[in-house]
Amino acid sequence: MFQPNMFESHHHLLDMGHKTPENEMDLIRDDEYESKSGTDIMEAPSGDDQDPNQRPKKKRYHRHTQHQIQEMESFFNECPHPDDKQRKELGRRLGLEPLQVKFWFQNKRTQMKAQHERHENSQLRAENEKLRAENIRYKEALSNATCPNCGGPAAIGEMSFDEQHLRIENARLREEIDRISGIAAKYVGKPMLSYPHLSPGSSRSLDLGVGNYGPQTGMAGEIYGAADLLRSVSGPTDADKPVIIELAVAAMEELIRMAQTGEPLWIPSADNSAEVLSEEEYVRTFPRGIGPKPLGLKSEASRESAVVIMNHINLVEILMDVNQWSSVFSSIVSRAVTLEVLSTGVAGNYNGALQVMTAEFQVPSPLVPTRENYFVRYCKQHTDGTWAVVDVSLDNLQRPASISRCRRRPSGCLIQELPNGYSKVTWVEHVEIDDRAVHSIYKPLVNSGLAFGAKRWVATLDRQCERLASVMANNISAGDVGVISSPEGRKSMLKLAERMVMSFCTGVGASTAHTWTTLSGSGADDVRVMTRKSMDDPGRPPGIVLSAATSFWLPVPPKRVFDFLRDENSRSEWDILSNGGLVQEMAHIANGRDPGNSVSLLRVNSANSSQSNMLILQESSTDSTGSYVIYAPVDIVAMNVVLSGGDPDYVALLPSGFAILPDGPNNQAGGAPEVGSGGSLLTVAFQILVDSVPTAKLSLGSVATVNSLIKCTVERIKGAVLCDSA
């Protein structure tokens, strides 16, 4: 029946995986597999005793002892395919024939294989059932579709593909609200809220982990020693959480449609220079939302798209990490705090993440009040490789209820993956605001939407992506010149410049963390000053620091003002601290497409031989919505450590500089120049250490000195740029 080498053939048959029930029964003779060897050891009579008439003896099974089985099980876990030598050794130890050992291992392997396949089959069956149920659900959604014109039932052929897709998506979103609300209700131990306007749907397997991970803080106001109003807002109560989740899901749906829909929702402006949101169409399209617009607030809506040099995963991480978000958008976000994390998303990414936050948004000038918001941020991955991050205000949930001066309707961005590490970003900003406190010279800029709108967010992101790509570059670019000799030194210098820019941005606006004091009469040329004590901060010299800032209008295009201020050759025309000395560029790092985007190390060679030379670190940056020239005197010894790749965090900096914004939309008017005709809004800000002892009293003389210093600088700048433009 078998080949001469029957045991080897039997072995091959088993390993080939003949797994019919009959085969299994032949091999495994008893349900209690472990109690038997599963092998037939036939006792044949010896040659002398053979009797031709005697029937062969019946086959006899040898049961293995519990000890033998345990030993072989243990060996099987280590080595399921023992060789001849191992089988002999194991048989000798256990008092078994090598053949018995061999057959035991064969049967054990077969049994394990059969168990594995049974498990795999049950998994596939469950997956199949799940897909069938989903298919049925989609068919039902399509069969219940209604005609958009008459409201009656619609055949598939009567609907466009987009309409079908939207209806299915709407049904799915309703299910998502029900599901997440159910989870939230379990979390707070209250009965699930009922939403009569939503149709019930089957629950999905994706679960939202709800938990509080404590507040995360971005660049907050504690460095100014002022009371931080943002921190006084408490996180949501347990009863609020289901409402917040429903609001976030509805806001996500609204953001997607706001980002992707054209006319009649978005219509071109009169001069075709921008898109304008049709408020009537908006109310018709999104009747629910966060409620009607409060009295006294006006709507501000904008949309902008750009391709940026960063992959979609990194962009999502920046938006969902409050510290990174505050850092990248430091010129817009003056402070931000994550009050509570309702969901961290699915394992490994931010899909489904929900955060309750407060933030303060600024224009770099003390003359424009900041905008404070209390909102939820929701991140979601969509099927076509697109991610979306949406914010929506939670002002109605504040305790005690306060009249908000700024309300954030669904705003945020769509991030679409592109090849080679690029992403397409579509940004929507939609707020309701009381901006009556804005100074008159900034009104055209704010009213145009350029001050806080989508264009500024996208331009800032594009600029920062370029800057980050430059920081990550390991090679020293051909545009880099001077004393930087290594990639490490280049990175350290860029990191120091980044901290300098962030420090400048947090101290130049009208943040509620600051208490500005107006020094001179009324008008745009007022100098605002504030003081703060610096202690135990390695990145700032200890003592009393005086900050002074003023903003004014110049009838000169922003580019001309920017080029004048960043040029080291014209520095002596306005910089009183350089004291008429020759300014020389020692190092230059280009960090963007525009030649104005760069970090420089300047040396001021003093005209007076008794004075030592001074080093100045400077970063200049520009985009279509604004430009900055920021600088700080640096210690020569500390700077040498940075240039050799050392840690830049211990270099003490007091940044000063300029923020240059357009005075409104760029439409040159004929006739006499006036605000909004293509001029510039210039903010000048200084930080000066007036006493190296933090506990000292501020003298009036110090204030007067800083006041005259800033006024003199303003007069010099006005004289130089107006003379050039004449």
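This is a predicted model: local features need pLDDT of at least 70, side-chain atom pairs count only at pLDDT 80 or more; totals for chains, interfaces and linings use all residues.

Modeller: Residues are numbered from 1 along each chain as its sequence is written, and side-chain values use heavy atoms, leaving out hydrogens and water.

Now your helix. Buried means under 20% relative accessible area, exposed means over 50%, and partly exposed lies in between (1.4 Å probe, protein chains only). Helices (H or I, at least four residues) and strands (E, at least two) are DSSP runs, numbered from the N terminus. Helix 7 covers residues 241-260. Its expected span is 1.5 Å times one less than its number of residues.

Follow the chain onward. Proline 264 sits in the loop between helix 7 and strand 4 (266-268). The peptide bond from glutamate 263 to proline 264 is cis, with omega near 5°. Most peptide bonds are trans, and most residues other than glycine have a negative phi. Asparagine 420 is not a glycine, yet its phi is positive, about 60°. Asparagine 420 lies in the loop between strand 12 (411-417) and strand 13 (423-433). At 74% relative accessibility, asparagine 420 is exposed.

Now zoom out. The protein chain has 16 helices and 23 strands. Of its 726 residues, 48% are buried. Contact means heavy atoms within 4.5 Å. Among contacts with a separation of 6 or more, 67% join residues 24 or more positions apart.

Next, the core. A nonpolar core is a set of buried Ala, Val, Leu, Ile, Met, Phe, Trp, Tyr and Cys residues joined through side-chain atoms within 4.5 Å. The largest one holds 45 residues. Trp325, Phe329, Trp427, Tyr442 and Leu461 touch the most other members. Leaving out residues up to four places away in sequence, Leu461 touches Val308, Leu315, Val328, Phe329, Val425 and Trp427.

Two helices pack together. Helix 12 (residues 454-472) and helix 13 (residues 487-508) have axes 9 Å apart, at an angle of about 150°. Axes are lines fitted to C-alpha atoms, for helices over the stretch in contact, and angles run from 0 to 180 degrees between N-to-C directions. Under 35 degrees counts as roughly parallel, over 145 as roughly antiparallel, 65 to 115 as roughly perpendicular and the rest as oblique. Helix 12 and helix 13 are therefore roughly antiparallel. Arg467, Ser470, Val471 and Met472 in helix 12 meet Arg490, Lys491, Leu494, Ala497 and Glu498 in helix 13. These contact residues divide into four nonpolar, one polar and four charged.

Stay with helix 13. Lysine 495 belongs to it. This lysine 495 is partly exposed, at 41% relative accessible area. Lysine 495 touches Pro648 and Asp649, not counting residues up to four places away in sequence. Lysine 495 and aspartate 649 are 154 residues apart in sequence, but 8.5 Å apart in space, C-alpha to C-alpha.

Last, tyrosine 631 in strand 21 (residues 626-634). Tyrosine 631 is buried, at 3% relative accessible area. Beyond its neighbours within four places in sequence, its contacts include Met500, Trp574, Ser656 and Phe686. Tyrosine 631 and serine 656 are 25 residues apart in sequence and 5.6 Å apart in space, C-alpha to C-alpha.

Terms used. Ala, Val, Leu, Ile, Met, Phe, Trp, Tyr, Cys and Pro count as nonpolar, Asp, Glu, Lys and Arg as charged, and the others, Gly among them, as polar.
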